[in-house]
Amino acid sequence: MGLDDDIAILAAAPVFEFLDRDALRLLTFAGERRQLAADEVLFARGERSDGGYVVLSGLIALMPRADGAEPVLAGPSTLIGRHALFLAGERPAEARAREGSEVMRITPQLMARVLREFPEAATRIHGWLSQDLAALSGALADLRGRFLTPV
């Protein structure tokens, strides 16, 4: 893949869609690429996060906690571990390559650098994350109301 291909894949991923070409170029050069063979584990459930991953090629299966549940499949331009771009945490699922795949790891340190160097992107991402959090908060309040309402 060439630089333009990598930038296009990143630009189509959530969060990175708010970055301009120069910021995406920085991520492309500074992100850590990893090749995965079919059935290779990218990370295990419960493992400490070390950044988010953008799928560049192939297919990654995210294995849910429930036994027998179907895995969530992540293909090119999918961001795995959105929150891990900004802070460390515990991985809620196992990620395993379904086929030969390539991913790019974006560490919180790299993301912080991009946001410092491109403050307008930081503002756009902040707005998007704020709206997302407000929507989640509203959905949780609705759910709470349904559980507290007498039947």
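In this predicted model, the axes of helix α3 (residues 108-117) and helix α4 (residues 119-148) come within 5 Å and cross at roughly 110°. Axes here are lines fitted to C-alpha atoms, for helices over the stretch in contact, with angles running from 0 to 180 degrees between N-to-C directions. Helices (H or I, at least four residues) and strands (E, at least two) are DSSP runs numbered from the N terminus. The two helices are therefore roughly perpendicular to each other, a label used for angles of 65 to 115 degrees. Local features need pLDDT of at least 70, side-chain atom pairs count only at pLDDT 80 or more, and totals for chains, interfaces and linings use all residues. Residues are numbered from 1 along each chain as its sequence is written, and side-chain values use heavy atoms, with hydrogens and water left out.

From α3, Met 111, Leu 115, Arg 116 and Glu 117 meet Pro 119, Ala 121, Ala 122 and Ile 125 of α4, where contact means heavy atoms within 4.5 Å. This set divides into six nonpolar, no polar and two charged residues; Ala, Val, Leu, Ile, Met, Phe, Trp, Tyr, Cys and Pro count as nonpolar, Asp, Glu, Lys and Arg as charged, and the others, Gly among them, as polar.

Helix α3 also has a buried side, formed by Leu 110, Met 111 and Val 114. These residues cover an arc of only 100° around the axis, which puts them on the same side of α3; the arc is that of the directions from the helix axis to the C-beta atoms. Gln 109 and Arg 116, on the other side of α3, are exposed. Buried means under 20% relative accessible area, exposed over 50%, and partly exposed in between (1.4 Å probe, protein chains only). The buried residues of α3 pack against α2 (21-30), β8 (101-106) and α4.

Two of these partners hold further residues of interest. In strand β8 lies Glu 102, which is buried, with a relative accessible area of 11%. Its side chain makes a polar contact with the side chain of Gln 35 (3.3 Å). Gly 138 has its place in helix α4 and counts as partly exposed, at 31% relative accessibility.

For the chain overall, there are four helices and eight strands, running α-α-β-β-β-β-β-β-β-β-α-α from the N terminus on. Of its 151 residues, 36% count as buried.

Conventions: Parallel < 35°, antiparallel > 145°, perpendicular 65-115°, else oblique. Polar contact = N/O pair within 3.5 Å; in protein donor to acceptor, adjacent residues only side chain to side chain.
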